[in-house]
Amino acid sequence: CFISQVYRMFTLPQAEDFGEIQAVVDSQNSPLVRCAGLLYIRFVVPPTGLWDKLEEYLFDDTDLKHIEGRQAFATVGEYVENL
């Protein structure tokens, strides 16, 4: 399901300002949805602009308890750090 979400974002028309993707990344409904948006940003933003897009999420302490079908205790910030 996670990869399906990322693929769905790739099928959206690419916006210059990332408005739709920003709404996904800032969503408070599910940390997994946020991580899918962050992974999308990692793939489409050139390396020179990556820090500007991901910097604010490095210190996000939202719990991310479900990773690849097993229980893990990590945060969204740790996920961004590993991207």
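The model is predicted, so local features need pLDDT of at least 70 and side-chain atom pairs count only at pLDDT 80 or more, while totals for chains, interfaces and linings use all residues. Residues are numbered from 1 along each chain as its sequence is written, and side-chain values use heavy atoms, with hydrogens and water left out.

The protein chain contains five helices and two strands, in the order α-α-α-α-β-β-α along the sequence. Helices (H or I, at least four residues) and strands (E, at least two) are DSSP runs, numbered from the N terminus. Of its 83 residues, 33% are buried, where buried means under 20% relative accessible area with a 1.4 Å probe, protein chains only.

One salt bridge is counted, a salt bridge being a side-chain nitrogen of Lys or Arg within 4 Å of a carboxyl oxygen of Asp or Glu. Arg 34 and Asp 60 form the salt bridge, and both residues are buried. Arg 34 belongs to helix α3 and Asp 60 to the loop between α4 and β1, so the pair ties together parts that are 26 residues apart in sequence.

| Element | Residues |
|---|---|
| α3 | 31-44 |
| α4 | 47-54 |
| β1 | 63-67 |

Helices α3 and α4 pack at an angle of about 155°, their axes lying 9 Å apart. Axes are lines fitted to C-alpha atoms, for helices over the stretch in contact, and angles run from 0 to 180 degrees between N-to-C directions. The two helices are therefore roughly antiparallel, a term for angles over 145 degrees.

Terms used. Buried means under 20% relative accessible area, exposed over 50%, partly exposed in between (1.4 Å probe, protein chains only). Angles under 35 degrees count as roughly parallel, over 145 as roughly antiparallel, 65 to 115 as roughly perpendicular and the rest as oblique.
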